[in-house]
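Subject: Structure handover

Hello,

Here is the structure I promised to pass on. Please have a look at it first; my notes follow below.

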Amino acid sequence: GRRRGGAVGAMLRGMGAVISRRSAPAAAAARLSFSALDAPFAGVPEAQPSAAAGASYASTTLASGAAVAAHTVPGAGSSTVTLTVEAGSMYETPETRGAAIMLKALAFKDTTERSALRLARDLENAGATASAGVSRTSLTYSVRCLPGDEELAVSALSATALSPELLPWTVDEAAPSADFEVGQYASSPQLQLSELLHAMAFGEDSPLGANLFSPGAPATVGAVVAHRAATFTAGALTLSASGAADLAALESLASCYLSAAPAGPAAAAPAGGFVGGACKLRTGEPLAHVAVALPLGPGPTAEVLAELMSAMPGVTSAFTAPYGGGLLGLYATGAGAVEAVAAALKTA
């Protein structure tokens, strides 16, 4: 019994020693004093933070009439460079109908300087991507690239916009792309309604009311050449960039690569204005699609109204257009589309 009691006592004394040793650091920490978080460290120089540079916007016009604009964002990881040409569908004539949509299909294809394959490889090797768009007012060609590759982007934009290889077979090869655009239009109630809205607002036989997608036979090479000759002038060009590029560098590139554009101002906007009208089209769609447009001059008032209308219950979207004296429109879809449009108009 004594041996067992002695062993237990020794074990308890050992545990006490361990407990005492482990609790000693905690007791020492309790006696430490901590400085306030905003107190400076001894011997460490005080930091002098500076405000980060904000984004800036600048623009200029070259002697040729081409415009250059840059939205510079310090630290941006990429640049999007865009060449806009005032050569949209509203500048077409009955003889050149469909040329704008065909020019979009020809974007970044064969040029007199580089083949489509070489152009694609040059962009891909630099990690750049290209795209194109078309509207009633303009054609846009864009390249998104890494900082420092803006010259590659501008050279590609210049080649595809100013030096396309316009031959019968190159236009024929681009025809399926144009047909795809027409197919997208034919399957989209919203696109169809937008075109009907313009036809009713400006007259279907007017330049502004003519269908942007020109369903039917694709434009011929002669129509494309004639449309370019009437619209692709230096005064119709705007080179813009958003991201890492700055205005000085962009202006230098524009002076070099846009010099091939024929001299002259932009083509005059077609005459005509709002005439008004109404159209109902039965398509078998399960939902109603409703659009209304009003004549309203472009400016802050139109933009504010569009923002307010687009936020109203039942309204899918609202838009403004600068042509034809200005247009404000709204679009709604669904079972209560008519009521939603009526409510938005009453509120406005």
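Which residues line the second largest cavity? They are L103, L106, A107, Y141, T160, A161, P164, R228 and F232. By class, that lining has seven nonpolar residues, one polar and one charged. The space inside the second largest cavity is about 30 Å³.

Please keep in mind that this is a predicted model.

The overall picture

The chain has 348 residues, and 37% of them count as buried. It holds ten helices and nine strands. Take the contacts between residues at least 6 apart in sequence: 75% of these join residues at least 24 apart. The accessible surface is about 19,100 Å². Carbon and sulfur atoms account for 59% of that surface.

The cavities

There are two cavities of 30 Å³ or more. The largest cavity has a volume of about 70 Å³. Its lining is made up of R97, G98, I101, A178, D179, V182, F213, S214, G216, A217, P218 and A219. Helix α5, residues 168-186, gives the most to this lining, with three residues. Sorted by class, the lining of the largest cavity has seven nonpolar, three polar and two charged residues.

The largest pocket

The largest pocket has a volume of about 780 Å³. It is lined by 29 residues. Closest to its centre are L193, C279, K280, L281 and H289. Two or more lining residues come from each of α6 (189-202) and β7 (289-295). Helix α6 provides the largest share, seven residues. The lining of the largest pocket divides into 18 nonpolar, eight polar and three charged residues.

The second largest pocket

This one holds about 280 Å³ of space. Its lining has 19 residues, and the closest to the centre are Q190, S194, L197, H198 and F319. The elements that give two or more residues here are α6, β8 (315-321) and β9 (327-333). Again α6 is worth a look: seven residues of this lining come from α6, the largest share. By class, the second largest pocket is lined by twelve nonpolar, five polar and two charged residues.

Where to start

I would begin with α6. It gives the largest share of the lining of the largest pocket, and it also gives the largest share of the lining of the second largest pocket.

Best wishes

Note on methods. Residues numbered from 1 in each chain as written. Predicted model: local features only at pLDDT ≥ 70, side-chain atom pairs only at ≥ 80, totals over all residues. Heavy atoms only, no water. Helix = DSSP H or I, 4+ residues; strand = E, 2+ residues; numbered from the N terminus. Buried < 20%, exposed > 50% of the residue type's maximum accessible area, 1.4 Å probe, protein only. Contact = heavy atoms within 4.5 Å. Areas by Shrake-Rupley, 256 points an atom, 1.4 Å probe, with all protein chains shown as cover. 1 Å grid on protein atoms, 1.4 Å probe; cavity = no way out; pocket = protein on both sides within 12 Å on 5 of 7 lines; lining within 4 Å. Points joined across faces, edges and corners; volume = space filled by probe spheres on them. Nonpolar A, V, L, I, M, F, W, Y, C, P; charged D, E, K, R; others polar.
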